[in-house]
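Here's a quick briefing to read with the model open in your viewer.

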Amino acid sequence: MVAELQRPTCTEVSAKCAIATMEYFGAKMCTCKDKGCAEATNEEMATWGTEMAKTAGAAKDDKPDPALAKRASDVMTQYTECMTKLLMDGTQPPPDPCAGGADPCGN
């Protein structure tokens, strides 16, 4: 349940805390049951991202840890998949009328 999730409180800017916060948003997004929740979570994450960008220069000399970068990528992939499912509201794009068969559209 979303109410049980606790957003990390960071005392300093660090990649580990940023990843933990991203994981929080990913879990929150994936527990959403409707568009309203998805939109609110996305807005909250965007606000957090804007705040993080203000202090991003503080650790410019840090070399990115490949394991943390992969973890961040995996978290954001899951976040995006969950958000897309909610925002698509179960709708699928229309099928391509020219897909399949031997040149069904006569091109």
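Predicted model: local features only at pLDDT ≥ 70, side-chain atom pairs only at ≥ 80, totals over all residues.

Residues are numbered from 1 along each chain as its sequence is written, and side-chain values use heavy atoms, with hydrogens and water left out.

**Helix H2**

- Helices here are DSSP runs (H or I, at least four residues), numbered from the N terminus.
- H2 runs over residues 35-55, and its 21 residues should span 30 Å at 1.5 Å a residue; the end C-alpha atoms sit 31 Å apart, which agrees. The expected span is 1.5 Å times one less than the number of residues.
- Ala-38, Thr-41, Met-45 and Trp-48 are the buried residues of H2. They cover an arc of only 95 degrees around the axis, so they're on the same side of H2. That arc is taken from the directions from the helix axis to the C-beta atoms.
- As a reminder, an α-helix has 3.6 residues a turn, so residues three or four places apart point the same way.
- Buried means under 20% relative accessible area and exposed over 50%, with partly exposed in between (1.4 Å probe, protein chains only).
- H1 and helix H3 are included in what covers the buried residues of H2.
- At the start of H2, Asp-34 brings a side-chain oxygen to within 3.2 Å of the backbone nitrogen of Gly-36.

**Helix H3**

- H3 (66-88) has 23 residues that should span 33 Å at 1.5 Å a residue, and its end C-alpha atoms are 32 Å apart, which agrees.
- Its buried residues are Leu-68, Ala-72, Val-75, Tyr-79, Cys-82, Met-83 and Leu-86, and they pack against H1 and H2.
- Asp-65 caps the N-terminal end of H3, with a side-chain oxygen 2.9 Å from the backbone nitrogen of Ala-67.

**Lys-28 in H1**

- Lys-28 lies in helix H1 (residues 15-31), and it counts as buried because its relative accessibility is 14%.
- The side chains of Lys-28 and Glu-44 are joined by a polar contact of 2.5 Å. Such a contact is a pair of N or O atoms within 3.5 Å; within protein, one must be able to donate a hydrogen and the other to accept it, and residues adjacent in sequence count only if both atoms are side-chain atoms.

**Aromatic rings**

- Searching the whole structure turns up 2 aromatic pairs. Rings of Phe, Tyr and Trp (its six-membered ring) pair if their centres lie within 6.5 Å; planes under 30 degrees apart count as stacked, over 60 as edge-to-face and the rest as tilted.
- Tyr-24 and Phe-25 pair edge-to-face, at 5.0 Å centre to centre and 65 degrees between the planes.
- Phe-25 and Trp-48 form a tilted pair, at 5.8 Å centre to centre and 45 degrees between the planes. Phe-25 lies in helix H1 and Trp-48 in helix H2, so this pair ties together parts that are 23 residues apart in sequence.
- Ring pairs link Tyr-24, Phe-25 and Trp-48 into a cluster.

**Nonpolar core**

- Among the 17 residues of the largest nonpolar core, Met-22, Phe-25, Met-29, Trp-48 and Tyr-79 touch the most other members. Such a core is a set of buried Ala, Val, Leu, Ile, Met, Phe, Trp, Tyr and Cys residues joined through side-chain atoms within 4.5 Å.
- H3 gives the most to this core, with 7 residues.

Methods:
Helix = DSSP H or I, 4+ residues; strand = E, 2+ residues; numbered from the N terminus. Contact = heavy atoms within 4.5 Å.
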